[in-house]
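Here is a short tour of a protein model for you to follow on screen. Take a look at the sequence and the fold, and then we can walk through the inside together.

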Amino acid sequence: MAFIESLLASILMLLLMAPAAVAVATPAAQAAPPAAQTTPTASVLHVRVVNLRNSTGQVICTLFNSPMAFPTDSTKALRQIAVPIKDNAAVCSFGGLAPGKYALVAFHDENSNGKFDRNWLGLPKEGYAFSNNVRPMFSPPSFKAAAFDYAGGDLWLTITMRY
């Protein structure tokens, strides 16, 4: 019984890390995957989100540059965007970033309501993903675990949605 209580407590901790609903900017068009580019011409971080269970709704990506806010307080995030889904995948593109260390959290906003929905037990109803494909175990991942270095230029990352 203690194990089940511990497991439920861990799941609740994971749910607390979900981004809060905030206004998001939607880009005019979804970025092309790396194969479609011939030469890097801009400094953009592209995050391809794969393994979406359907193409309904949108994907909301939240980019952090500080461990103080990650991943629980999206109001203190560097940027947040909502992007359309095509063929069960989406691309979040962030331009104009300074070189540095960043971490990202994304979720599949299937009903396009701008928030991470949960059931009556508090369990996720929508998928989520972290940079470095970090799998939360008993608490939200740390900024350090999800962080990656961005040196400038074009960088493509791929993260896998989990349900």
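Which residues of the largest nonpolar core touch the most other members?

## The largest core

They are Val59, Cys61 and Phe94, in a core of 22 residues. Please keep in mind that this is a predicted model. Six strands each supply at least two residues of this core: strand 1 (44-50), strand 2 (58-64), strand 3 (79-84), strand 4 (90-95), strand 5 (100-109) and strand 7 (148-150).

Setting aside neighbours within four places in sequence, Phe94 is in contact with Ser43, Val44, Leu45, Cys61, Leu63, Arg79, Ile81 and Leu104. Apart from this core lies another one, made of 16 residues, including Phe70, Val105, Phe107 and Ala146. In soluble globular proteins, nonpolar side chains tend to be buried together.

## The fold

The protein has two helices and eight strands, and from the N terminus on they run α-β-β-β-β-β-β-α-β-β. Among contacts between residues at least 6 apart in sequence, 75% join residues at least 24 apart.

Strands 1 and 4 pair in the antiparallel sense over six bridges. To find this pairing on screen, look for valine 44, whose bridge partner in strand 4 is glycine 95.

Of the 163 residues in the protein, 40% are buried. The accessible surface comes to about 8400 Å², and 59% of it belongs to carbon and sulfur atoms.

Notes: Residues numbered from 1 in each chain as written. Predicted model: local features only at pLDDT ≥ 70, side-chain atom pairs only at ≥ 80, totals over all residues. Heavy atoms only, no water. Core = buried A, V, L, I, M, F, W, Y, C linked by side-chain atoms within 4.5 Å. Buried < 20%, exposed > 50% of the residue type's maximum accessible area, 1.4 Å probe, protein only. Helix = DSSP H or I, 4+ residues; strand = E, 2+ residues; numbered from the N terminus. Contact = heavy atoms within 4.5 Å. Areas by Shrake-Rupley, 256 points an atom, 1.4 Å probe, with all protein chains shown as cover. Pairing = 2+ DSSP bridges.
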